[in-house]
Amino acid sequence: MFRIVLFVVFLLGGFGSLFAVSDSIVSGSSLFVIPHASYQQETSWAPGVAYGYYFKSRDLSRISSISGSAVYTLRHQFMFNTTPKLYFGNHKWYLYSNLNIRNYPDYFYGIGSNWQGIEEAYTSQVVSVLLQPQYAVMKNLYVGPCLSGRFERVKTHFSSPESEANVYALYGRAGWSPYAQTSLGVVATFDNRDNSFYPYRGSYAKLTATASVAGWASTYSLQQVTADLRHYFPLFKQHVLAVQLQFDGIFGRKGIPFQMLPTLGGRDLLRGFREEMYKGNLMMAAQAEYRFPIFWRFKGAVFCATGEVFDSSAFRMSDKMKLAYGIGVRCRVNDARVHVRFDLAKSNYMDKLQFYITATEAF
């Protein structure tokens with residue numbers, strides 16, 4: 001493990017050396033297209049290409065960017081993702097958008113806050129699009145419509161006909177047949193952070209409420225509400241305490257595709273837990289991260305998190321509270337404060353350490 005950490009530090013340093021870094025309050029435009037390799041337990045090693053273009057800006061708190069990646073993992077998962085975040089009209093308009101295309105072999109572990117011993121293989125093929133144009137109704141507060149589209153189909157690889165029948169009997173058939181969802185709603189974003197990529201101070205709050213109607217370019221009638229609240233406490237000399245509270249709820253009387261249910265784990269939320277292993281139609285989580293400078297372009301982090309998924313009809317707790325914690329290293333790659341990060345994490349549900357190599361902060 002020590003050798004892995006040394007290798008990652010060397011790798012991050014190599015990435016960082018590709019870019020000129022300035023402490024000026026003016027962020028110059030920068031472009032990178034680099035080969036990279038990431039790792040998390042859901043994907044194993046994932047070689048690919050990461051890219052990002054960051055527009056020139058005289059305001060570090062409002063930097064337009066287009067970033068994303070194309071990845072093919074050792075588990076034969078393909079993922080293409082691009083996320084334009086653009087400011088217009090002297091920062092009066094803000095467009096957040098995303099395009100995601102995946103061919104993703106994975107495992108179905110059932111639904112609920114406790115794992116029931118189910119592990120059935122399947123392959124998800126999905127295309128999703130998100131558009132959130134927003135207007136500044138007052139300083140730091142943007143409001144606008146939210147439009148999303150998702151088409152998904154699944155190739156099943158059940159271990160036996162009996163296992164397939166058992167999964168359908170326990171959890172229904174929603175999501176196992178091809179489906180399409182088109183959702184409309186509203187989004188409100190408050191953001192007074194000094195920088196969106198690596199804040200030293202400020203607050204961020206994003207609330208969304210969307211709905212889809214079966215028969216109106218949608219297979220299911222669903223309603224979804226999300227809340228993402230963050231605050232960054234400046235301590236001293238670029239030492240920062242970052243905290244986040246997150247809520248996600250999705251509701252539907254005639255079934256909810258299991259792929260759309262909120263989940264814990266992965267590289268951003270409760271690092272150390274396997275993503276998609278615990279699902280419910282309600283999710284609540286909280287995490288904190290202490291960030292501090294080390295030397296040159298490198299920074300360190302210590303983090304902890306807790307969270308839970310629920311069935312809204314029962315609110316049953318799991319056998320024990322879910323906790324995750326870990327440490328990390330970051331390397332700054334441009335004057336917009338974009339970092340490459342390496343995290344080493346553990347949960348109270350798994351014995352093994354998990355590590356993640358990726359770009360940008362978890363929150």
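Over the face of which ring does Arg173 lie? Arg173 lies over the face of Tyr168, at 4.0 Å from the ring centre.

## Basis of the report

This is a predicted model, in which local features need pLDDT of at least 70 and side-chain atom pairs count only at pLDDT 80 or more, while totals for chains, interfaces and linings use all residues. Residues are numbered from 1 along each chain as its sequence is written, and side-chain values use heavy atoms, with hydrogens and water left out.

## Charges over rings

## Aromatic pairs

A pair of aromatic rings is described by the distance of the centres and the angle of the planes. Rings of Phe, Tyr and Trp (its six-membered ring) pair if their centres lie within 6.5 Å; planes under 30 degrees apart count as stacked, over 60 as edge-to-face and the rest as tilted. By this rule there are 26 aromatic pairs. One of them joins Tyr107 to Tyr109, with 6.3 Å from centre to centre and 45° between the planes, and is tilted. Tyr109 also pairs with Trp115: the ring centres are 6.2 Å apart and the planes stand at 70°, so this pair is edge-to-face.

How far these residues are open to the surroundings is given by relative accessible area (buried means under 20%, exposed over 50%, partly exposed in between, with a 1.4 Å probe and protein chains only). Tyr109 is buried, at 6%. Its two partners named above are partly exposed: Tyr107 has a relative accessibility of 34%, and Trp115 has 37%. Elsewhere, ring pairs link Phe108, Tyr122, Phe158, Tyr168, Tyr171, Trp176 and Phe258 into a cluster. Tyr168, a member of this cluster, is also the residue whose ring face lies under Arg173.

## The largest pocket

Pockets are found on a 1 Å grid over the protein atoms alone: a pocket is an open set of points where a 1.4 Å probe fits, with protein on both sides within 12 Å along at least five of seven lines, and lining residues have an atom within 4 Å of a point. Grid points are joined across faces, edges and corners, and a volume is the space filled by probe spheres set on the points. The largest pocket has a volume of about 690 Å³. It is lined by 31 residues, of which Ile111, Gly112, Lys279, Gly280 and Asp311 are the closest to its centre.

Helix H2 (161-171), strand S11 (240-251) and strand S13 (298-310) are the elements that give two or more residues to this lining. Such elements are DSSP runs numbered from the N terminus (helices are H or I with at least four residues, strands E with at least two). By class, the lining holds 14 nonpolar, 12 polar and five charged residues. Here Ala, Val, Leu, Ile, Met, Phe, Trp, Tyr, Cys and Pro count as nonpolar, Asp, Glu, Lys and Arg as charged, and the others, Gly among them, as polar.

Gln238 lies in the loop between strand S10 (222-234) and S11 and is partly exposed, with a relative accessible area of 43%. Trp296 belongs to the loop between strand S12 (282-295) and S13 and is exposed, at 57%.

## Residues apart in sequence

Asp351 is in the loop between strand S15 (339-347) and strand S16 (354-359) and is exposed, at 75% relative accessibility. Asp351 and Gly272 are 79 residues apart in sequence, and their C-alpha atoms are 9.9 Å apart in space.

Phe298, in strand S13, is buried with a relative accessible area of 6%. From Phe298 to His339 there are 41 residues in sequence and 9.0 Å in space, C-alpha to C-alpha. Leu31, in strand S1 (residues 30-40), is exposed at 58%. Its C-alpha atom is separated by 5.7 Å from that of Gly52, 21 residues apart along the chain.

## Cysteines

A disulfide is a covalent bond between the sulfur atoms of two cysteines. With a cut-off of 2.5 Å between the sulfur atoms, the structure holds zero disulfides. Cys146 is buried, at 4% relative accessibility, and Cys331 is buried, at 0%.

Note on methods. A charge sits over a ring if NZ of Lys or CZ of Arg is within 6 Å of the ring centre and within 35 degrees of the ring normal.
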